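Hi there,

Here is the structure I promised to pass on. Have a look at it first, and then read on for my notes.

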Amino acid sequence: MNILYATSEAVPLVKTGGLADVSGALPPALREIGLDCRLLMPGYPAVLQKMGTAVVVARFSGLPDAMEARLLLSTLPGSDTPLYVLDAPLAFTRQGGPYQDAAGQDYMDNAQRFAVLSQVAARLASPDSPLEWRPDLLHCNDWQTGLAPAYLNFLGRPVPSVITVHNLAYQGIFPPSTVPRLGLPAESFSIQGVEYYGNLSFLKAGLYYADRITTVSPTYAEEIQREPLGMGMQGLLATRKADMRGILNGIDTGDWNPSSDLHLPGAYSLRAPSGKKRCKQKLQEEMGLDQDADAPLFGLIARMTHQKGLDLVLAVAEGIIQRGGQLIMLGTGDKDLEQAVRDTVARHPGRAACFIGYDEGLSHRIEAGADCFLMPSRFEPCGLNQMYSLRYGTVPIVHATGGLKDTVEDGVTGFQFQEAAPHALWLAIERALSLYADKAAWKKMQLAGMSRDFSWEHSAKEYAAMYREMLDQRADGAP
Ligand code: ADP
């Protein structure tokens with residue numbers, strides 16, 4: 001099976017969120033199990049700089065906004081996955097990030113920029129593709145490639161398409177005046193098309209025209225068919241229920257392996273777990289906490305946004321400390337949340353600590369050194385940190401939503417709470433504290449988490465089975 005995987009970011013080239021992790025990991029995992037999966041992504045300066053040797057394999061003209069582009073073929077660094085890089089300087093040669101300028105403002109022409117990417121994805125999947133290599137199926141991701149299934153529809157649906165929703169909160173909404181500039185037929189601007197409450201939505205286009213929709217966890221697929229997590233798309237999604245499924249993301253089990261993690265002061269594993277004690281001691285030292293081997297140490301790593309429920313943690317921080325616990329928070333984001341975290345920490349010297357900023361190494365040391373990991377996200381399409389925690393023998397305490405609900409087994413590998421509210425989080429923390437007091441029971445829970453398999457191979461097999469099903473359905477003449 002030939003799969004074209006269209007994405008706007010992929011590690012190790014460019015990352016703003018979880019989409020990049022999936023895009024960097026899933027295509028290589030699909031290749032491992034025998035599929036010819038290739039990536040298509042924009043040629044931002046960082047991509048052109050970091051990719052390996054590249055050759056020009058095609059040229060495009062007549063793209064949205066009359067843009068022109070070259071298509072380069074390279075490989076994803078660190079793997080043999082073929083990488084098509086869309087070199088369209090007018091669209092992608094920018095100083096800032098992939099979507100925003102250095103001041104954090106969305107680029108004015110994001111619609112045209114990602115329409116160019118979407119249209120090239122569709123053209124590469126059509127009989128008029130300039131390439132010899134043809135995909136059997138087009139896999140799109142989030143709003144940035146959401147228009148590709150629409151373009152593909154107007155090219156006669158030569159191959160089936162699937163769109164994965166990594167986070168429904170980002171919908172790619174633009175004024176209706178944009179529509180004619182993107183090479184979409186006028187009739188597409190309707191409810192049965194790309195229109196979304198009077199505007200154009202790239203994501204809605206993808207959800208409407210793609211043959212299948214996936215989310216990054218089964219529970220998130222259910223949740224977005226209703227208020228409030230449907231975020232306006234629930235009506236459409238409910239009508240597409242039969243074509244939707246959730247496939248959990250994997251984690252990079254090479255980067256996140258406590259027995260070989262170079263960020264850690266001590267190695268440990270399921271068979272030899274004792275090195276975790278040293279990680280805790282060193283973490284307390286690094287973060288200026290009291291050296292206290294018995295204090296239950298709670299960790300948190302998150303983008304500091306409303307989604308992540310940091311306010312809930314701050315509401316119970318006092319309680320954790322009164323019960324003899326310690327708390328470490330790592331993250332960056334909304335300035336008022338950052339300040340609230342700093343204020344809480346200042347009130348509890350030796351018992352609470354934070355690092356406001358992004359620090360990969362520290363994130364590994366927190367995952368290893370903490371006893372419990374707090375993840376009270378209001379919603380969580382999949383979530384990675386709870387899976388890292390399980391692998392590191394750090395018991396996760398999570399809000400029962402999205403991927404958190406699907407990966408943490410309540411009372412077996414961690415604790416879930418049902419309502420995103422401080423009292424519910426507190427009750428879960430109390431359950432964790434009483435188990436922590438029973439050393440044998442605690443160890444059993446840690447080991448249960450460490451033995452779970454969250455490798456990409458697992459996810460890749462599920463995607464491959466879905467692709468196969470879609471192609472078989474096509475062959476049978478089904479839509
Ligand atoms: P999201 O994609 O919504 O931010 P995830 O849990 O899916 O949440 O993934 C977040 C990833 O980013 C994890 O790998 C996490 O460890 C990492 N991360 C988030 N904030 C920081 C930070 N301040 N420092 C280091 N790593 C961070």
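This is a predicted model: local features need pLDDT of at least 70, side-chain atom pairs count only at pLDDT 80 or more; totals for chains, interfaces and linings use all residues.

**The ligand site**

- K308 places a polar side-chain atom 2.8 Å from an oxygen atom of the ligand.
- N385 also uses its side chain, with a polar atom 3.0 Å from a ligand oxygen.
- D359 takes part through its backbone: a polar backbone atom there is 3.0 Å from a nitrogen atom of the ligand.

**Helix 10 and its partners**

Next comes helix 10, which covers residues 310–322.

Which way does helix 11 run relative to helix 10? Helix 11 spans residues 335–347, and the two axes come within 11 Å and cross at roughly 15°. An angle under 35 degrees counts as roughly parallel, so that is how helix 10 and helix 11 are described. Their crossing is left-handed. On the helix 10 side, the residues in contact are L310, D311, L314 and A317; on the helix 11 side they are L337, A340, V341 and T344. Sorted by class, this contact has 6 nonpolar residues, 1 polar and 1 charged.

Helix 15, residues 422–436, meets helix 10 at another angle: their axes cross at roughly 45° and come within 9 Å. Helix 10 and helix 15 are therefore oblique to each other, and this crossing is right-handed. Helix 10 contributes L312, V313, A315, V316, G319 and I320 to the contact, while helix 15 brings P422, L425, W426 and I429. Here the division is 9 nonpolar residues, 1 polar and no charged.

**Helix 1 against helix 17**

Another pair to look at is helix 1 (residues 18–32) with helix 17 (residues 456–475). Their axes come within 9 Å and cross at roughly 70°, which makes helix 1 roughly perpendicular to helix 17. From helix 1, the residues involved are V22, A25, L26, A29 and L30. They meet W456, A460, Y463, A464 and Y467 of helix 17. What classes of residue make up this contact? There are 10 nonpolar residues, with no polar and no charged ones.

**Backbone details**

Finally, some points about the backbone. As background, most peptide bonds are trans, and most residues other than glycine have a negative phi.

- The peptide bond from V11 to P12 is cis, with omega near 5°. P12 sits in the loop that joins strand 1 (2–6) and helix 1.
- The bond from E227 to P228 is cis too, and its omega is near -5°. You will find P228 in the loop between helix 7 (218–223) and helix 8 (234–239).
- Y197 is not a glycine, but its phi is positive, near 45°. Y197 belongs to the loop between strand 9 (195–196) and strand 10 (199–201).

Best wishes

Terms used. Residues are numbered from 1 along each chain as its sequence is written. Side-chain values use heavy atoms; hydrogens and water are left out. Axes are lines fitted to C-alpha atoms, for helices over the stretch in contact, and angles run from 0 to 180 degrees between N-to-C directions. Helices (H or I, at least four residues) and strands (E, at least two) are DSSP runs, numbered from the N terminus. Angles under 35 degrees count as roughly parallel, over 145 as roughly antiparallel, 65 to 115 as roughly perpendicular and the rest as oblique. A crossing is left-handed if the near helix is turned anticlockwise from the far one by less than a right angle, and right-handed if clockwise. Contact means heavy atoms within 4.5 Å. Ala, Val, Leu, Ile, Met, Phe, Trp, Tyr, Cys and Pro count as nonpolar, Asp, Glu, Lys and Arg as charged, and the others, Gly among them, as polar. A polar contact is a pair of N or O atoms within 3.5 Å; within protein, one must be able to donate a hydrogen and the other to accept it, and residues adjacent in sequence count only if both atoms are side-chain atoms.
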